[in-house]
Amino acid sequence: MRIQMIWSALILVVLLFSGAGCRTAESAATAPSPANVTWILSATPLADAPARAAGMRIVTMQITPEGRIAGCSGVNRYTGRVEVVPEQQVFRLPGPPAVTRMAGPGMEFENYYLALLQKIDRYRFVGDRLELLEGDKPILEFRPAN
């Protein structure tokens, strides 16, 4: 009788603590991430966004799993560090990206875009689109290039 009670208590302890509130590496890997996709800016939902200039290049963004961000900001190329935490949908640039310094049509929009990137603190997916947010407010929207 005593051995049966010990086994029952042991099984209960194992059941209570096996995975209680824990995420496995497998479940973390399935959280959607914006990495490894070339994203094309499709919208700037803010009313104060400057118009895109004729002759301006397409605004793009790529993110690596190692925490790098790079792309075209309309006139110049940019690169930098980014913190992406898929489980919490965190998206943060720890500092301003490095940018080449060419001039051309669309500089006002480019400066606006680069400033917005530094305000982003999270992201979400809406269908196949990626929304970058400041709090709960959508700031930039991207679609996949492919």
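Here is a short chat about the salt bridges in this predicted model.

Colleague: Hi! What should I know before I start?
Modeller: The model is predicted, so local features need pLDDT of at least 70 and side-chain atom pairs count only at pLDDT 80 or more, while totals for chains, interfaces and linings use all residues. Residues are numbered from 1 along each chain as its sequence is written, and side-chain values use heavy atoms, leaving out hydrogens and water.

Colleague: How many salt bridges does the structure hold?
Modeller: There are 4, a salt bridge being a side-chain nitrogen of Lys or Arg within 4 Å of a carboxyl oxygen of Asp or Glu.

Colleague: Which residue pairs with Arg122?
Modeller: Asp136 does, with the closest N and O atoms 3.0 Å apart. Arg122 sits in strand 8 and Asp136 in the loop between strand 9 and strand 10, so the pair ties together parts 14 residues apart in sequence. Strands here are DSSP runs (E, at least two residues), numbered from the N terminus.

Colleague: And is Asp136 buried or exposed?
Modeller: Asp136 is exposed, at 61% relative accessible area, whereas Arg122 is partly exposed at 22%. Buried means under 20%, exposed over 50%, and partly exposed in between (1.4 Å probe, protein chains only).

Colleague: Now Arg124, what does its side chain meet?
Modeller: Glu131, in a salt bridge of 2.6 Å from N to O. Glu131 is buried at 11%, and Arg124 is partly exposed at 26%.

Colleague: Where are Arg129 and Glu141?
Modeller: Their salt bridge has its closest N and O atoms 3.9 Å apart. It links distant parts of the chain, with Arg129 in strand 9 and Glu141 in strand 10, 12 residues apart.

Note on methods: Helix = DSSP H or I, 4+ residues; strand = E, 2+ residues; numbered from the N terminus.
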